[in-house]
Amino acid sequence: MPSPTPTPIATPGPLPKAELHLHIEGTLEPELAFALAGRNGVELPYASEDELRAAYSFSDLQSFLNLYYALMAVLRTQDDFAELADAYLARARQQGVRHAEIFFDPQAHTARGVPIGTVIGGLSRALDAAEETYGITTRLIMCFLRDESAESAVETFEAARPYLDRITAVGLDSAEVGHPPSKFREVYALAREAGLKCVAHAGEEGPPSYVWEALDILGVDRIDHGVRCLEDEALVARLVAEQMPLTLCPLSNVRLRVYDRLQDHPLPSMLDAGLLVTVNSDDPAYFGGYVDDNFTAVRDALGLDDAALRTLARNSFRAAFLDEATREVYLKEVDAH
Ligand code: HPA
Ligand code: ZN
């Protein structure tokens, strides 16, 4: 159930913000990975945390996903998932996060024999405590792995039915090219029928046509990444006209070589074009920073001024799946900061 409207808090630290593009499995820091490996008797193919960190050099999305899925082997029990989410929320608090909409990848766990109820139960335990412990409201977004079959996505949705009261939206992630949104038409229709919101990764490595499909075939409420929309003028016009939110992840884009340097990131021109863009961390344990680190990095690399950073913070709440009263509270916090 949505919680009662939070009271505004005065934050002297980072700008208040919502994080809308965050894979909980991508918050697994090497220290926790080794602790969980020890606890669960899982052998990691790295001798030390430093050796593991040294493997964080990626040439594209797939090279990252290989390590991302391999490290998930350490996540086995409800406690593991609760600890992972709690560690993220503690860091998010330090980064000025007031509201977090968190992706998880059930198929990456059920394929290893971890029941979906264990995953959702553990994550929910941490999320349910977050408002009291950290002053952060939360939502859970269940993602389908697009490089798995459409049938597997439907089976996953059906397995999650008993837990849909804990889930706000469905999403689509993993290897993009060759797996267009249209492949998942059926499961998105089921999700919409069940009253869930819909988001999808599109236009990170995939072409603008994938963004069109996410809009027209999946009926999404937000696009995750979406930077390749810039190759299609008519698409940009559509996204601007609809004020369709795009959840950008600048440090991720550099680490996965979508752009060579942060200085090359199109965020400023996207803001200028009137797109409703937000800044997020994606997989912060792997990409060199949490969400406020992304804000600081784009400020420094792209010369964004305070007004632009404030617009990004306001956009994050505009794009969030919040009731209007809570949204207003958070927007006032940005204005008062
Ligand atoms: N893109 C697609 N799938 C993902 C990502 C990403 O950046 N992170 C985790 N799964
Ligand atoms: Zn992502």
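Guide: Start with cavities and pockets, which are found on a 1 Å grid over the protein atoms alone. A cavity is a set of points where a 1.4 Å probe fits but cannot get out; a pocket is an open set with protein on both sides within 12 Å along at least five of seven lines; and lining residues have an atom within 4 Å of a point. Two conventions apply here: this is a predicted model, in which local features need pLDDT of at least 70 and side-chain atom pairs count only at pLDDT 80 or more, while totals for chains, interfaces and linings use all residues. Residues are numbered from 1 along each chain as its sequence is written, chains are lettered from A and ligands numbered from 1 in the order in which they are written, and side-chain values use heavy atoms, with hydrogens and water left out.

Visitor: Which residues lie nearest the centre of the largest cavity?

Guide: They are His-23, Leu-61, Leu-65, Ser-174 and His-201, out of a lining of 18 residues. The largest share of that lining, five residues, comes from helix α3 (residues 61-71). Helices (H or I, at least four residues) and strands (E, at least two) are DSSP runs, numbered from the N terminus.

Visitor: How is the space in a cavity found, and what is the volume of the largest cavity?

Guide: Rolling a probe the size of a water molecule over the atoms shows where empty space is left. Grid points are joined across faces, edges and corners, and a volume is the space filled by probe spheres set on the points. Here the largest cavity holds about 130 Å³, and the structure has two cavities of 30 Å³ or more.

Visitor: How is the lining of the largest cavity divided by class?

Guide: Ala, Val, Leu, Ile, Met, Phe, Trp, Tyr, Cys and Pro count as nonpolar, Asp, Glu, Lys and Arg as charged, and the others, Gly among them, as polar. On that basis, the lining has seven nonpolar, four polar and seven charged residues.

Visitor: What are the protein donors of the zinc ion (ligand 2)?

Guide: Donors are N, O and S atoms within 2.8 Å of the metal (3.2 Å for Na, K and Ca); water is not among the atoms, so sites may look incomplete. For this zinc ion the protein donors are His-21 (NE2), His-23 (NE2), His-201 (NE2) and Asp-282 (OD), at 2.1 to 2.2 Å. His-23 sits in the loop between β1 (17-19) and α1 (30-40), and Asp-282 in the loop between β8 (277-279) and α13 (284-287), so the pair ties together parts that are 259 residues apart in sequence.

Visitor: Are His-23 and Asp-282 buried or exposed?

Guide: Buried means under 20% relative accessible area, exposed over 50%, and partly exposed in between (1.4 Å probe, protein chains only). Both His-23 and Asp-282 are buried.

Visitor: How do I read the two faces of strand β3?

Guide: In a regular strand the side chains alternate between the two faces of the sheet. In β3 (residues 137-145), nine of nine residues are buried. One side carries Thr-137, Arg-139, Ile-141, Cys-143 and Leu-145, and the other Thr-138, Leu-140, Met-142 and Phe-144.

Visitor: Which strands pair with β3?

Guide: Two strands pair if DSSP finds at least two bridges between them. Strand β2 (residues 97-104) pairs with β3 in the parallel sense over six bridges, and Phe-104 has Met-142 as its bridge partner in β3. Five bridges join β3 to β4, also parallel, with Cys-143 opposite Gly-171 in β4. Two bridges then join β4 (residues 169-173) to β5, again parallel.

Visitor: What is the phi of His-225?

Guide: Most residues other than glycine have a negative phi, and most peptide bonds are trans. His-225 has a positive phi, near 75 degrees. His-225 is in strand β6 (residues 222-225) and is buried, at 0% relative accessibility.
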